[in-house]
Structure formats: C-alpha cells, structure tokens
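Please find below a short note on this structure, arranged as numbered points. The sequence and model should be kept at hand while reading.

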Amino acid sequence: MCAIFGIVGRYDTARAQRAFETLTHRGVDESHVIKNEHCFLGLHRLAITAIHTPHTQPIQKEGLLFAMNGEIYNYLALAEELGIEAKSDTEVAFAAYRQWGDRFVEKLRGMFAIAIIENESLKLFRDPFGKKPLYYTVMEGQVIFASELKAIEALKPLEFDREILPCYLSYQAAVTPRTFDKNVFQVGAGCRVTVTKSREISTDRYFSLLDTPITLHTKKEAIDQIHQKLIESVKLRLPGEVKYGALLSGGLDSSLIAALAASSAPLHTFSIGYEGYEKHDERPYAAQVAAHIGATHHAYSFTREDFLETLEEILGILDEPFADPAMVPLFYLMKQIRKEGIKVVLTGDGSDELFLGYRTYKEYLDIEQLSNLKHKNWLKTYLKSHFSMHKEWEWYKRILEGKTLFRSSAELFTDLQQNRLLKMNIKDNYSLDWIASYREELEKSGRNAPIDWYSFLDLKFSWAKFFCANSTVSAWPKALKHAHLF
C-alpha cells in the first residue's frame with residue numbers, strides 16, 4: 001500500500017508538500033519527491049518487493065516522470081521478455097511502457113495505479129479490477145491526482161455533490177467515476193485517463209471482464225483449469241521478502257487460499273469472532289482448517305466495546321461514506337495482524353461473485369423466470385394496487401415491468417424507499433442510471449444470461465468497491481501501515 005500524489009501545472013510548493021504528507025500512512029518505508037516548475041510528483045513507499053533497493057521511484061528518465069502504487073506479480077518474466085535486469089517491478093513497468101506505449105498495461109499482471117507525466121500532459125492507469133485507488137481533478141489549469149481524496153481536498157475545498165446521495169443509498173458507495181465531490185473523479189477499473197497540456201480529458205477502457213471468450217465446455221475442463229489457476233495465482237502472489245499470512249474463516253474460499261499458501265511455506269492464519277454471538281462465530285471452523293494445513297493460527301474476539309472504539313476510529317479516517325459494516329471488524333483484525341509483524345495477507349474475497357456463491361443469486365434467478373409468463377398484465381396490475389415498501393415487492397414489480405431486476409448485491413434502498421427517506425424527488429428506476437454503462441458493456445459483449453450479469457456487476461462494482469475500501473483506500477491507512485491486502 002503505497003501512495004502517489006502529483007500536480008501538473010503551476011503550484012505552491014509548501015501547499016503541495018503538505019498535501020503530499022497527508023498520505024504518509026500509506027508508505028512508511030520511504031518518501032521521495034520530484035519537482036520542477038511545471039509539476040510535483042511524490043511517492044510514499046511500502047516496500048514489498050526489492051525491499052533492499054532504496055529510492056526506486058518516482059522515476060525520471062527520457063523526459064518522463066513515472067510513479068506506481070501497486071505490485072506487478074509477473075515482473076521477472078516481463079524483464080526477461082524485455083531483456084533487462086529486474087531491479088524492481090516499478091522499473092520493469094517503466095521499461096514496458098517505453099517498449100509498448102499505452103498497451104504496456106495489458107502486459108502487467110498485478111494491481112496498480114500508475115501516473116506518467118510527459119510535456120505537461122498526464123496519463124493515469126488503474127488495474128483491471130480497480131484494486132488500487134486513484135483520484136483526480138482539473139482546476140484552474142492544474143491537474144491534481146492522488147491515491148486518496150484527502151490529499152486533493154488539502155488543496156481545494158470539498159464541493160459536496162448532493163446528487164450522489166441517491167447513488168450512495170442505492171449502492172453503499174459512490175459509483176465510479178463519481179465521488180462525493182462534484183469536481184473530483186475516480187479512474188475506472190481497467191481504464192486510462194489522459195489529460196493533455198491544454199487540459200482536455202479523455203477516458204479509454206483497455207480491459208473488460210467480458211473480453212475473454214468462453215472456452216470451457218465440460219465440467220472436467222472447468223475443474224482442471226480452476227485447479228491450475230488457483231495454484232498458479234496463489235504462488236505468484238506469495239512475497240519472497242516480507243512476512244505474510246492469510247485471513248481464514250473456515251469457509252471454502254479462504255480455506256482453499258490458505259491451504260495452497262501453506263503448501264509453499266509455514267503460514268500464519270487469522271480469524272475474528274463476535275462476543276455474545278457464538279452461533280455466528282466461525283472461529284471453530286477456522287481453527288480446524290488451520291490445524292489440518294499445519295498453520296499457526298491466531299483468533300481474536302471482537303466485543304461491543306471494540307466495535308464502538310473501532311467505528312470511532314474509522315469515521316475519522318474515511319474520505320467518503322462507505323456503508324459495508326464488515327469494514328469495522330476487519331479494520332480491528334488488521335491492527336492485530338500488524339502487531340504480529342505481518343506485512344501481507346491473502347484473502348478469499350471475490351470468489352462468491354466469480355462463482356455465484358451467494359444464496360440471493362438463486363432467488364433472483366428464480367424471479368427472473370416471471371419474465372417468460374405469457375399472461376402477466378393482470379399480475380402486474382394486482383401488484384401495483386397492493387403497494388409494499390418491502391424489497392421483494394420491488395423485485396417482482398421490476399421483472400413484471402421488464403426492468404433490470406438485479407442491481408448488485410450491494411443494493412441497499414430501492415428508489416421508492418429513498419423517496420420516503422429524502423427530501424428529493426427520486427424517480428422510479430433512477431438507480432439504473434448509475435449502472436447503465438455496465439449494462440451497456442454487458443449487452444455489447446453478446447452475453448445475455450442473467451447469471452453473467454450478476455457476476456459481472458458484482459465483480460465490476462460491489463466487490464471492487466468493498467475491496468478498495470477495505471484494502472487500500474482510506475478505510476485502513478493508519479491501521480494497516482505495513483499490511484498489504486490481496
């Protein structure tokens with residue numbers, strides 16, 4: 001978890017330095033700045049690879065300035081392809097850009113937010129899943145970008161966007177590229193944002209989850225491929241220079257990851273439970289798995305007092321509202337992990353979205369069948385005359401009206417519920433506007449199965465939002481000083 005920060009255009013050096021220092025919690029190993037008359041570029045480094053190689057970035061070479069927050073897992077293979085010495089993943093990424101131009105990101109396997117400055121123009125790249133955050137704004141001839149909103153807000157007052165409230169209440173967070181600030185935006189997952197010297201802004205997508213063709217046709221092919229990819233992916237992510245561990249609930253996803261990691265080297269595993277809610281406590285299952293794979297297991301109890309204290313701490317850290325309650329115990333757990341000297345932890349996040357593991361997916365799929373009813377107008381009329389604020393009523397209404405039923409697992413309040421909650425006129429189906437681009441992307445791909453939509457939307461939005469907030473954005477900076485989530 002590093003931090004990048006920069007300004008392209010004229011700036012006040014003292015103010016720029018203060019804004020840069022708001023991000024020191026993200027990289028405690030090193031901090032460096034390159035500055036000249038037309039730009040300021042800084043990086044706070046958390047060293048995971050090449051930890052004994054100091055001052056690897058920002059890079060200033062051949063008229064370019066280059067900074068990266070992230071980790072490139074295949075940098076050794078890329079260095080061999082490029083015919084260069086692999087001093088660090090950042091230097092390999094820079095060499096890849098010099099070799100392949102903007103298409104270099106297609107070669108990178110990892111998580112990253114990258115800034116490249118050349119001739120007072122700027123390019124910002126974000127990894128395919130949006131694991132690493134990156135924000136930007138253009139004002140008065142300046143371009144300001146940063147790993148967290150707080151660095152930008154240190155240079156400009158917050159311009160609260162009231163229109164984002166319905167989005168937040170619908171999806172628990174602001175939907176990319178929007179933020180709670182009218183004039184600050186996020187770089188989208190798998191996107192490149194270019195800001196020219198004349199401050200013209202353009203956004204291009206270099207990666208889509210839907211680009212990969214379906215090539216598996218039998219159950220055996222799928223099992224073999226998943227098995228091989230799991231082994232390869234976990235092995236690729238195990239750091240060779242710092243201490244690491246794994247989160248373990250005892251469920252299928254985290255158990256698989258922990259077992260594969262433990263097969264390579266001794267492993268520390270971590271779990272958390274809730275005092276007074278033993279029937280929801282997964283620690284006994286986690287302990288069984290840890291014993292089976294030979295891991296050194298650490299289990300923690302999360303009390304009501306811990307919850308209130310942790311919540312107070314998180315509220316002082318978040319840049320934007322984020323409604324997932326799981327962040328509170330997870331924040332607490334990360335602080336305990338850091339005390340054990342662990343710098344990297346593996347998780348099983350994302351697998352339910354990828355493999356359709358949530359129970360609600362089956363419920364949605366069942367309701368989808370109503371769209372095939374030949375005579376459904378009377379049912380549609382009946383439903384309208386028996387109004388209910390329950391979500392289930394809304395689901396049936398959507399499918400009978402021919403509207404998009406599933407709007408992510410993060411959907412919180414329906415539009416009709418928001419109309420009663422807010423002093424704003426929230427039109428019916430307004431929440432669809434926020435995810436319309438995702439729906440268009442799916443339809444252009446030619447995939448039309450409901451389960452494709454469920455998985456795609458949650459991987460694109462719900463899970464990415466959760467992951468970003470829980471691992472690298474502002475939800476964890478002070479607590480995670482050295483922790484680095486995958």
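1. The lining of the largest cavity has seven nonpolar, eight polar and three charged residues. Here Ala, Val, Leu, Ile, Met, Phe, Trp, Tyr, Cys and Pro count as nonpolar, Asp, Glu, Lys and Arg as charged, and the others, Gly among them, as polar. The model is predicted: local features need pLDDT of at least 70, side-chain atom pairs count only at pLDDT 80 or more, and totals for chains, interfaces and linings use all residues. Residues are numbered from 1 along each chain as its sequence is written, and side-chain values use heavy atoms, without hydrogens and water.

2. Of the 18 residues that line the largest cavity, Arg 45, Leu 46, Thr 49, Gly 70 and Asp 89 lie nearest its centre. A cavity is a set of points, on a 1 Å grid over the protein atoms alone, where a 1.4 Å probe fits but cannot get out; lining residues have an atom within 4 Å of a point.

3. Strand β5 (64-72) and helix α3 (89-100) each supply at least two residues of this lining; the largest share, four residues, comes from β5. Helices (H or I, at least four residues) and strands (E, at least two) are DSSP runs, numbered from the N terminus.

4. Phe 66 is found in strand β5. Is Phe 66 buried or exposed? Phe 66 is buried, because its relative accessible area is 0%, where buried means under 20%, exposed over 50%, and partly exposed in between (1.4 Å probe, protein chains only). Phe 66 and Ala 115 are 49 residues apart in sequence and 5.9 Å apart in space, C-alpha to C-alpha.

5. Ile 226 has its place in helix α6 (residues 219-237). With a relative accessible area of 34%, Ile 226 is partly exposed.

How values were computed:
1 Å grid on protein atoms, 1.4 Å probe; cavity = no way out; pocket = protein on both sides within 12 Å on 5 of 7 lines; lining within 4 Å.
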